[in-house]
Amino acid sequence: MQASIRNTLFGLALAVAAGHASANEPIKIGSVLSVTGPAAFLGDPELKTLQMYVEDINKKGGVLGRPLQLVHYDDGSDANKANGFAKRLIDDDKVDVLIGGTTTGSTMSMVPLVERAGLPFISLAGAVPIIEPVKKWVFKTPHTDRMAAEKIFEDMKKRGLSKVALLSETSGFGQSGKKETEAVAGKYGVSLVANETYGPKDTDMSPQLTKIKNTPGVQALFIFGLGQGPAIATKNYKQLGLTLPLYHAHGVASEEFIKLAGPAAEGVRLPATALLVIDKLDAKDPQKPVVTDYARAFQARWKTDVSSFGGYAYDGLMLTVDAIKRAGSADKAKVRDALEATKGYVGASGKVNMSASDHMGLDLSAFRLVEIKAGDWALLGSK
């Protein structure tokens, strides 16, 4: 009898100990970002943001009383490496959620793995195919390439520009951007009178731009790419004496682009997040306090400017934390369901309202049209 009681008490003690250990086990946030390579100026602020806020959240007691643990790998802007690291995060590190995929290529290389594993995945890349068609476990924080094209064509229409030259990158982001731009051009009365491409590692786009320069009737130039390529193309544009209105997609929405392109960036227009024009936002803008606090914290910690890309990571982490809290658990299926049910989240990229048919939750009003003037961002028009 006494032996039976002892065994029962021992079993209860083990159960209590196991429960206590579980409560203190970290919630593992996996991350694969392009911190080096051509997309480094996107991935670097993304990693800095995740590191900073994971530390901050842990100082405040973690989430559901559990600390967050960031498990990070740098894919070097290589989609094949991203795939390998995603396997490691799933099989070896056994993360609870994955935030990353700086580029569309890296993201898409990881999608089949997370779908098979049943792992919530929030991408920080822009292309439409990431979320269309909807994939059960995949979400994203940036605006899509289709939205970028539409925002730009809205402005072109106001300016009476209908004959446009498109120069797009052959990366996943650029290819999807090209496809989406071609698909929505007619909706805005735009015809693409020239359609050229360049490689993500190209160091001179003069041949393509010369063709565009010699195209009869062309009224504006739209460059769709990310990383260093668009800055090189902008310099080439200036060197060739082109004076057409120049537009870029949101893949260049950071101070680094202005630094890389230099004076050639003057007059460039692009869709961007509120982060780039914080001091120009209306005092009643619901995003103003969010982006102001994020920018102050980032600049204080890292002594460098914020970018839209860091903002995408901020939203990815905060959406994850919010979903875990609402789920009351880090259980993967419950977190996935909570992410899909996100309503009214105001973040760095805009107001997010997700659903079973929309795993991004942003509309066109989340984009701000900006112009580079005297080496700074100017906000054009209203939301």
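**Backbone exceptions and overall build of the predicted model**

L64 sits in the loop between helix 2 (40–59) and strand 2 (68–74). Helices (H or I, at least four residues) and strands (E, at least two) are DSSP runs, numbered from the N terminus. L64 is not a glycine, yet its phi is positive, at about 55°. Its relative accessibility is 43%, so L64 counts as partly exposed. Buried means under 20% relative accessible area, exposed over 50%, and partly exposed in between (1.4 Å probe, protein chains only).

The model is predicted: local features need pLDDT of at least 70, side-chain atom pairs count only at pLDDT 80 or more, and totals for chains, interfaces and linings use all residues. Residues are numbered from 1 along each chain as its sequence is written, and side-chain values use heavy atoms, with hydrogens and water left out.

A374 also has a positive phi, near 50°, and is a residue other than glycine. A374 lies in the loop between strand 13 and strand 14. At 72% relative accessibility, A374 counts as exposed. Strand 13 (residues 368–373) and strand 14 (residues 376–379) run antiparallel and are joined by four bridges. Two strands pair if DSSP finds at least two bridges between them. Two residues separate the strands of this hairpin. Within the pair, I372 stands opposite W377 of strand 14.

A cis peptide bond links E132 to P133, with omega near 0°. P133 belongs to the loop between strand 4 (121–123) and strand 5 (138–140). E132 is also one of the contacts of R146, together with V128, E180 and V184, once neighbours within four places in sequence are left aside. Contact means heavy atoms within 4.5 Å. R146 is part of helix 5 (residues 145–158). Its relative accessibility of 25% makes R146 partly exposed. R146 and V184 are 38 residues apart along the chain, but their C-alpha atoms are separated by 7.6 Å.

The protein chain as a whole contains 12 helices and 14 strands. Of its 383 residues, 55% count as buried. Among contacts with a separation of 6 or more, 68% join residues 24 or more positions apart. The C-alpha atoms fill a box of roughly 100 × 45 × 35 Å along the principal axes.
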